[in-house]
Amino acid sequence: MTRVAAVDCGTNSIRLLVADADPTTGELTELDRRMTIVRLGQGVDRTGRLAPEALERTFAACREYAEVIRGLGAERVRFVATSASRDAENREEFVRGVVDILGVEPEVITGDQEAAFSFTGATKELTGHEHLSGPFLVVDIGGGSTEFVSGDDGVRAARSVDIGCVRLTERHLVVDGQVAEVPTEDQISAVRADIERALDLAEETVPLTGGCRPGEGGHTLVGLAGTVTTVAAIALGLTEYDPAAIHHARVHAGQVGEITAKLLTSTHEERAAIGAMHPGRVDVITAGALVLLSIMNRTGAEEVVVSEHDILDGIAWSIA
């Protein structure tokens with residue numbers, strides 16, 4: 001048994017998992033799992049740089065996580081940084097800050113590495129599941145990018161594309177420095193066109209069209225990260241976010257379509273009033289839901305299996 005700490009720093013959030021990993025049994029015993037919205041990717045798509053205020057928010061979360069890691073006595077720590085820090089010119093400033101606080105250097109991983117970690121974390125406990133058969137198509141909708149990974153016991157194909165809820169929101173839904181209260185038809189069309197172009201790129205590597213029909217030789221679609229779990233929470237009618245209820249929930253394509261349509265016509269205040277909505281997702285959930293709906297339309301998936309276990313769990317296993 002090894003006590004490990006995994007940190008995943010993405011475009012919208014930074015997350016921590018401290019767990020006891022037993023490679024002989026394949027069990028991961030969670031001791032602490034937390035998430036902080038830091039919006040590290042603020043403005044990166046436009047400026048190519050990490051904003052000073054975004055760095056400070058991220059470093060503040062790192063200081064909190066350092067206390068948790070020390071308190072629980074984790075033997076090994078791995079810090080993985082994804083889309084925003086891959087794209088930034090001043091990533092070295094980010095690296096130095098993390099080293100000073102946590103004593104480990106953040107690994108700015110490739111999209112393919114990110115995909116592999118996400119696949120392991122999401123599917124390790126699904127293999128052999130009575131009601132969920134492989135092969136799997138895992139989609140991880142992040143703030144700056146979305147990963148597509150297909151496989152069974154291991155990864156067969158993977159592709160990362162630059163569509164995420166933060167990137168799409170900043171690219172198409174911001175007017176005069178503010179996120180549009182309710183997006184216009186032209187703005188929605190621009191987001192959809194961007195997504196479709198990215199799906200075309202993903203499909204060059206990972207089979208998507210008609211590929212998610214379990215029982216017909218297709219994949220089981222597994223969805224990860226905050227966009228998917230929030231849509232699932234809304235579909236389940238939760239009044240507050242409940243990871244246990246969300247984990248392995250199945251959300252039908254029709255529900256995703258209805259929720260997306262409602263989000264597209266909701267004001268900021270109405271989205272913020274949704275009980276299970278994290279305040280840091282209020283202004284980006286609409287773009288994220290459009291990504292999920294477009295993926296389900298492209299693949300023909302009748303439902304998405306939602307997993308609370310994702311890249312964090314994959315990072316933890318990589319340490320163990």
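User: Beyond its neighbours within four places in sequence, which residues is V99 in contact with?

Analyst: In this predicted model, V99 belongs to helix 4, which covers residues 91-102. When the neighbours within four places in sequence are left aside, the residues in contact with V99 are V104, E105 and P106.

User: Is V99 buried, partly exposed or exposed?

Analyst: The relative accessible area of V99 is 33%. Buried would require a value under 20% and exposed one over 50%, so with 33% the residue V99 is partly exposed.

User: How far apart in space are V99 and R78, C-alpha to C-alpha?

Analyst: Along the sequence, V99 and R78 are separated by 21 residues. In space, the distance between the two, taken from C-alpha to C-alpha, is 11 Å.

User: How many disulfides does a search of the whole structure find, and what is the distance from the sulfur of C9 to the nearest cysteine sulfur?

Analyst: A disulfide is a covalent bond that joins the sulfur atoms of two cysteines. The search of the whole structure finds zero disulfides. C9 is accordingly in no disulfide, and the nearest cysteine sulfur, which belongs to C62, lies at a distance of 6.4 Å.

User: How are helix 6 and helix 7 oriented to each other?

Analyst: Helix 6 (residues 165-172) and helix 7 (residues 185-203) pack with their axes 10 Å apart and at an angle of about 135°. Helix 6 passes helix 7 in a crossing that is right-handed. An angle over 145 degrees would count as roughly antiparallel, and the two helices are therefore oblique to each other.

User: How do the residues of the contact of helix 6 with helix 7 divide into nonpolar, polar and charged?

Analyst: On the side of helix 6, the contact is made by L168, R171 and H172, which meet Q187, A190, V191, D194 and I195 in helix 7. These residues divide into four nonpolar, two polar and two charged.

User: Is D313 buried or exposed?

Analyst: D313 is found in helix 13, residues 311-319, and is in contact with L17, L28, R33, G121 and E308, its neighbours within four places in sequence being left aside. Its relative accessibility is 3%, so D313 counts as buried.

How values were computed:
Residues are numbered from 1 along each chain as its sequence is written. This is a predicted model: local features need pLDDT of at least 70, side-chain atom pairs count only at pLDDT 80 or more; totals for chains, interfaces and linings use all residues. Side-chain values use heavy atoms; hydrogens and water are left out. Helices (H or I, at least four residues) and strands (E, at least two) are DSSP runs, numbered from the N terminus. Buried means under 20% relative accessible area, exposed over 50%, partly exposed in between (1.4 Å probe, protein chains only). Contact means heavy atoms within 4.5 Å. A disulfide is a pair of cysteine sulfur atoms within 2.5 Å. Axes are lines fitted to C-alpha atoms, for helices over the stretch in contact, and angles run from 0 to 180 degrees between N-to-C directions. Angles under 35 degrees count as roughly parallel, over 145 as roughly antiparallel, 65 to 115 as roughly perpendicular and the rest as oblique. A crossing is left-handed if the near helix is turned anticlockwise from the far one by less than a right angle, and right-handed if clockwise. Ala, Val, Leu, Ile, Met, Phe, Trp, Tyr, Cys and Pro count as nonpolar, Asp, Glu, Lys and Arg as charged, and the others, Gly among them, as polar.
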